[in-house]
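Please find below some notes on the structure, written for a reader who will want to check each contact against the coordinates.

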Amino acid sequence: MKTAKEVIALAKDLKVKIIDLKFVDLIGTWQHYSLPLSELTEDLFSEGNGFDGSSIRGWKAINESDMLLVPDPSTARIDPFCAEKTLSLAGNIIDPITREPYSRDPRGIAGKAEAYLKSTGIGDVAYFGPEAEFFIFDDVRFDQNVREGYYHIDSREGLWNSGKQEEPNLGYKIRAKEGYFPVSPTDTFQDIRSEMILEMEKVGVEVEKHHHEVATAGQAEIDVRFDSLVSMADKMMWYKYIVKNVARRHNKTVTFMPKPIFGDNGSGMHTHQSIWKDGKPLFAGDKYAGFSQLGLWYIGGILKHAPAICAFSNPTTNSYRRLVPGFEAPINLAYSSRNRSASVRIPMYSSSPKAKRLEFRTPDPSCNPYIAFAAMLLAGLDGIEKKMDPGQPLDKNIYGLTPEELKKVPSAPGSLEEALNALDRDHEFLLKGNVFTQDLIENWIAYKMDTEVNPVRLRPVPYEFHLYYDI
């Protein structure tokens, strides 16, 4: 953990010229502005730096726009993509009048979730380990206006280019659902992914593995080592930033859209999580799959509140192109060991108590990690507090169940609007410890409805012309 004095000394030692202050908007995108080195003082870390928050998505109106960004010295990293030596600092947002944390600051919400866990006495740290998937494309074009709407993506790896005149076309295109794990020359992104993980390691993101994912057209996954909630969310911001910028170096583009390609796998973000106390794992025990009773109650909370969690963990209309019954995404709200068709899985790779964790498989990488992780933790803690029984494990292939059996298994929402309605009905568990506020939840629902749900609802999509033009 760095102190303000240590960061200032580090900047001088490394001959830093620019200080870059980063924060997260409500939707989950890094925003930033930069200062000269002369502004890097101890007061910056205590008093903060003022900026106009009125143009930040989902934040305050212009008549109450003044905000303070207070950098966290522990986040100091050298930005690997700036021409001038630049020190990056992430921070929390403070109201300049009340000096209270801003209720719509995602990083502040995540910090309150960690504090709430400690206040319960249940545990002192929650670990999260997301597995974010993404696509690397060669080209993307899209537009929407009053008379047309389209998107066009391309990848030299894409199966649709098997007959293209590429002068020469060398073949080795990846067939749909066959991208897991071919070697080169079929996998054309080995070196780019390796470059991505080396850049991640420079900023302290520990990587466990990288590989091509199931879909054609450059789908990839980089797995990072688990960390505590806020720290892991910080690392996910670096993760996205690095992946996109390394791709740009190679004149390619990355998307974390859950479902950019029709007819092939979408991108999920399976999220491993566990609670520890006094250096001991609390999810290991003698119950099903080596889990503890406390861990099973945590799963009960996740399953009970999953529809509401989806409003944060699967927060785009595109998320529900992936969460479709009968396909690859785990929409059925059940738990199992090893069974990857369940929305909650208990991995069985290791018998060590330290490895005992659950994997929530429904989320996708379009989410804001600070808010999504916080919502998952609060749901699990509510399950522990109320001793929620997750029911019997489902060790069958869920997609092989009969219709009668399947009716007994609840499922995730089928649209963003359904998820937002579930959040509207079920959010008391999020208000505990003032982690989420009523203002934040109401603002999130209104923003998503006004900016995403309704605009998508109003626009025809190309396939509708195929279905209906000759009616």
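1. The model is a predicted one. A search of the whole structure finds 28 salt bridges, and a few of them are described in the next points.

2. Between arginine 147 and glutamate 148 there is a salt bridge with an N to O distance of 4.0 Å. Arginine 147 is exposed, because its relative accessible area of 71% lies over the 50% that the term requires. Glutamate 148, at 29% relative accessibility, counts as partly exposed.

3. The salt bridge between the side chains of arginine 175 and glutamate 178 has an N to O distance of 2.9 Å. Glutamate 178 in this pair has a relative accessible area of 44% and is partly exposed.

4. The side chains of glutamate 385 and lysine 432 form a salt bridge at 2.7 Å, N to O. Glutamate 385 counts as partly exposed, at 48% relative accessibility. Elsewhere, salt bridges that share partners join Glu195, Glu199, Lys202 and Arg249 into one network.

5. How many aromatic pairs does the structure hold? The structure holds 23 of them. The rings of phenylalanine 134 and phenylalanine 256 have centres 5.4 Å apart and planes at 50 degrees, so this pair is classed as tilted. The two residues come from distant parts of the chain, 122 residues apart: phenylalanine 134 is in strand S7 (residues 125-137), whereas phenylalanine 256 is in the loop between strand S13 (253-255) and strand S14 (269-277). Both phenylalanine 134 and phenylalanine 256 are buried. Lysine 240 lies over the face of phenylalanine 256, at 5.2 Å from the ring centre.

6. Tyrosine 180 and phenylalanine 181 deserve a joint reading. Their ring centres are 4.0 Å apart and their planes stand at 40 degrees, so this pair is tilted. The peptide bond that joins tyrosine 180 and phenylalanine 181 is cis, with omega at about -5 degrees. Tyrosine 180 is partly exposed, with a relative accessible area of 47%, and phenylalanine 181 is likewise partly exposed, with a relative accessible area of 47%. Phenylalanine 181 lies in the loop between strand S9 (149-154) and helix H4 (190-202).

7. A cis peptide bond also joins serine 184 and proline 185, where omega is about 10 degrees, and proline 185 is found in the loop between S9 and H4. Glutamate 167 is found in the loop between S9 and H4 as well; its phi is near 50 degrees, a positive value in a residue other than glycine. Glutamate 167 is exposed, with a relative accessible area of 73%.

8. A positive phi, near 60 degrees, is also found at lysine 15, again a residue other than glycine. Lysine 15 is placed in the loop between helix H1 (4-13) and strand S1 (18-24), and at 64% relative accessibility lysine 15 counts as exposed.

9. Ring pairs link Phe23, Tyr33, Phe51, Trp59 and Tyr102 into a cluster. In a separate contact, the charged end of lysine 22 sits over the ring of tryptophan 30, at 5.2 Å from its centre.

10. Is histidine 212 buried or exposed? Histidine 212 is buried, because its relative accessible area of 1% falls under the 20% limit for that term. Histidine 212 has its place in strand S10 (residues 207-212). Its side chain is joined to that of glutamate 157 by a polar contact of 2.8 Å, while the backbone oxygen of glutamine 219 lies 3.2 Å from a polar atom of the histidine 212 side chain.

11. Alanine 329, found in the loop between helix H7 (319-322) and strand S16 (335-337), is buried with a relative accessible area of 1%. Alanine 329 and serine 341 are twelve residues apart in sequence, and their C-alpha atoms are 7.5 Å apart in space.

12. Val461, Tyr463, Leu467, Tyr468 and Ile471 make a nonpolar surface patch of about 560 Å². Among them, isoleucine 471 is found in the segment after helix H12 (462-468), and isoleucine 471 is exposed, with a relative accessible area of 81%.

Key: Residues numbered from 1 in each chain as written. Predicted model: local features only at pLDDT ≥ 70, side-chain atom pairs only at ≥ 80, totals over all residues. Heavy atoms only, no water. Buried < 20%, exposed > 50% of the residue type's maximum accessible area, 1.4 Å probe, protein only. Patch = residues over 30% accessible without salt bridge, like charges linked within 9 Å, V, L, I, M, F, W, Y side chains within 5 Å. Areas by Shrake-Rupley, 256 points an atom, 1.4 Å probe, with all protein chains shown as cover. Helix = DSSP H or I, 4+ residues; strand = E, 2+ residues; numbered from the N terminus. Phe/Tyr/Trp six-rings, centres within 6.5 Å; stacked < 30°, edge-to-face > 60°. Lys NZ or Arg CZ within 6 Å of the ring centre and 35° of its normal. Polar contact = N/O pair within 3.5 Å; in protein donor to acceptor, adjacent residues only side chain to side chain.
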